[in-house]
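Have the coordinates open as you read.

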Amino acid sequence: MMATTSGPVHASTPKPMFTFGVIADVQYADIPDGRSFLGVPRYYRHSISVLQRAVSVWNKQGNIKFSINFGDIVDGFCPKDKSLWAVQKVVDEFDNFDGPTYHMFGNHCLYNLPRSKLVALLKMPTDSDRAYYEFSPCPEYRFVVLDAYDFSTLGWPRDHPVTAAAMKFLEEKNPNTDKNSPEGLVGVDRRFVMFNGAVGKEQLSWLGDVLQDASERRQNVILCSHLPMDPGAASPVGLMWNYDEVMAVVRRYNCVKACFAGHDHRGGHTVDSHGVHHRTLEAALECPPGTSAFGHIEAYPDKLLLVGSDGMADTEMCFQSPARPLL
């Protein structure tokens, strides 16, 4: 389902608890414009201008507490001898923002640099090389940033056990020689391609612990992932491999109110059967020169309000009330 509203969303009369900026899939590269495998135009050099406009707008607003980048800050077509330069160039633009930016991996990031180097470059607030973490901007809210490529063929050394296990998994799920091709796969099984990945067992256990603690604290939780986790908010070929396992953990608790993602550049929004909003954000990469796709989200006790630029749809996400019963 594409993200739509019945009309423009404007700032609500009540003051939000806090406001944060969002942007997804910048995929910058210093190369000529191109097209996706579906034929959609991609503006590789212009995309960093979208980020620059986002940072400028957020700074001028003066109330943007932090920003979240939903992955793929550089493109896989970036020449590999320029990968480090390109990543640093985009990170420098984020550093012009007057607050912290929270990053996550996308597949295009991992095409360019190994995960161990990206964790440091993206200043992920972890005490190890892991790329999943959580933070709380106020007592009533907690954000959980997932590593959607924790279990994948991307970013790990070729001889790493995770690489071998993920390739074996793909061999069982996808009969195609080209593991980036979903040809012949049906429905949500089309997600079993090499440019996607999964949340690993250790991370799933960690997620359960975080959500249990958040439930006990009566916090609203926002889940952030490069890969979408609901078929209603993205194309099947863009879904996380084990989105069903992640959502099974989510549904053990009442605290997760929304899941945000990138990856599927068209964007989308749905509300699942348990009242959780799934909002896939439109890509900065596919904005023609002079246009943009970014936004800010106002957080209230009972809803989130996404106010987008011209390429990002406004979306009001009201929380289900009363609270869902535990399963």
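Let's start with Glu316, which is partly exposed, with a relative accessible area of 40%. Keep in mind that this is a predicted model. The partner of Glu316 is Lys303, and their salt bridge has its closest N and O atoms 2.9 Å apart. Lys303 itself comes out as buried, at 15% relative accessibility; the cut-off that matters here is that buried means under 20%. What does the pair tie together? Glu316 sits in strand E14 (residues 315–318) and Lys303 in strand E13 (residues 303–308), so the bridge connects parts that are 13 residues apart in sequence.

**Other charged pairs**

In total, the structure holds 14 salt bridges.

| Pair | N to O distance |
|---|---|
| Glu316 and Lys303 | 2.9 Å |
| Asp213 and Arg217 | 2.8 Å |
| Lys123 and Asp95 | 3.4 Å |

Take Lys123 and Asp95: their salt bridge links distant parts of the chain, 28 residues apart, with Lys123 in the loop between helix H4 (115–121) and E6, and Asp95 in helix H2 (residues 83–95). Asp95 counts as partly exposed, at 44% relative accessibility.

Now for Asp213 and Arg217, whose side chains meet in a salt bridge. Is each one buried, partly exposed or exposed? Asp213 is partly exposed, with a relative accessible area of 23%, while Arg217 is exposed at 52%.

Over to the strands. Six of them make an open sheet with mixed pairing, in the order E6-E7-E8-E9-E11-E10. Which strands sit at the edges? Those are E6 (133–138) and E10 (268–271), each pairing on one side only. From one strand to the next, the twist averages 15°.

Zooming in, E7 (residues 141–145) runs parallel to E8 (residues 220–224), and the two pair over five bridges. Within this pair, Phe143 stands opposite Ile222 in E8.

What packs on the sheet? Helix H6 (residues 201–216) does, touching E6, E7, E8 and strand E9 (256–261). The direction of H6 makes about 175° with that of E7.

Key
Residues are numbered from 1 along each chain as its sequence is written. This is a predicted model: local features need pLDDT of at least 70, side-chain atom pairs count only at pLDDT 80 or more; totals for chains, interfaces and linings use all residues. Side-chain values use heavy atoms; hydrogens and water are left out. Two strands pair if DSSP finds at least two bridges between them. Helices (H or I, at least four residues) and strands (E, at least two) are DSSP runs, numbered from the N terminus. Axes are lines fitted to C-alpha atoms, for helices over the stretch in contact, and angles run from 0 to 180 degrees between N-to-C directions. Contact means heavy atoms within 4.5 Å. A salt bridge is a side-chain nitrogen of Lys or Arg within 4 Å of a carboxyl oxygen of Asp or Glu. Buried means under 20% relative accessible area, exposed over 50%, partly exposed in between (1.4 Å probe, protein chains only).
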